[in-house]
Amino acid sequence: MSAHESEWTLRRLHAGELPAPDAARARSHAAGCAPCAEALKRFAQVQSQFEAHLPFEHFEAGIEQALERQRAEDRARAKARSRWVAPVVSLAASVLLVVLARPLMHTGAPSNRLKGGAVAELRIGGGEAPQRVVDANLREALRPGERVRLGYTADTHRYVAALSIDATGEVTALYPDAGESLPVEAGDGMHWLPGSLEFTGTGAERVVVLLSDAPLDMDALRDAARRAYAVSGRDLDLMPALDVPGEQTQWTLLKP
Ligand SMILES: [Zn+2]
């Protein structure tokens with residue numbers, strides 16, 4: 001048994017993910033151990049570098065614009081529906097807010113490995129509870145105030161997209177909100193899509209991250225999501241993979 005805390009333990013301590021007794025033990029060890037204290041200091045430096053890479057003011061404007069565009073499209077669709085369909089059924093659309101939050105840490109947390117070296121990860125944080133990674137295809141309950149960040153390791157893939165579907169089948173394009181999927185960020189390792197997501201409303205929300213070699217059209221992706229939802233018998237937990245090229249990971253969140 002090593003005399004030092006493991007790097008994984010120290011990372012979790014830094015991320016606030018350790019249960020209180022373990023955190024107390026690790027902290028007290030690090031207080032009297034130069035190598036472990038040094039490791040913690042390094043994580044803090046990496047964290048501040050990471051945060052410097054994600055200037056939220058910058059993203060806020062872009063995301064607000066994107067949300068406004070999406071709202072305008074939704075209004076246009078609702079208008080089209082009301083013109084052609086009677087009686088009008090008003091669906092309580094799941095409203096998706098993007099809020100400012102501290103970026104989540106990139107720790108070596110357990111990931112949802114796609115085949116090859118590609119990985120997609122969904123992290124929950126920003127609330128009272130410790131940050132956590134959600135296993136694909138499991139249901140995870142969001143606590144009030146908690147937000148979601150999506151990350152990926154692209155491996156050989158060149159484009160990334162994300163969307164979500166609520167329990168009524170309403171599809172929301174997340175990244176990007178329209179147009180074609182985004183070129184992946186350069187460099188190896190985990191990249192986080194900008195901003196954190198807060199899912200409002202109630203019930204389940206299925207989140208899908210897609211990595212592909214060619215850009216995918218977001219309208220086509222939304223259609224593919226609606227088809228998958230229909231195939232599932234309107235049960236998000238049973239939703240099959242979207243019938244599109246590339247690799248994808250799905251998670252089901254239960255909104256608070
Ligand atoms: Zn030590």
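Predicted model: local features only at pLDDT ≥ 70, side-chain atom pairs only at ≥ 80, totals over all residues.
Trainee: Okay. How many residues of E6 are buried?
Mentor: Seven of its seven. The strand spans residues 147–153 and is mostly covered.

Trainee: Why look at two sides of a strand?
Mentor: Because in a regular strand the side chains alternate between the two faces of the sheet.

Trainee: So which residues sit on which side of E6?
Mentor: Arg 147, Arg 149, Gly 151 and Thr 153 are on one side. Val 148, Leu 150 and Tyr 152 are on the other. Both faces are covered.

Trainee: Which strand does E6 share seven bridges with?
Mentor: E3, residues 119–125, and the two run antiparallel.

Trainee: New topic. Why is E13 called largely enclosed?
Mentor: Because seven of its nine residues are buried. E13 covers residues 247–255.

Trainee: How does E5 run relative to E13, parallel or antiparallel?
Mentor: Parallel, with three bridges joining them. E5 is residues 139–141. Arg 139 stands opposite Thr 252 in E13.

Trainee: How many bridges does E12 make with E13?
Mentor: Nine, in the antiparallel sense. E12 runs over residues 203–212.

Trainee: What's the partner of Val 209 in E13?
Mentor: Thr 249 is its bridge partner.

Methods: Residues numbered from 1 in each chain as written. Buried ≥ 20, exposed ≤ 12 C-beta atoms within 10 Å, placed from the backbone. Helix = DSSP H or I, 4+ residues; strand = E, 2+ residues; numbered from the N terminus. Pairing = 2+ DSSP bridges.
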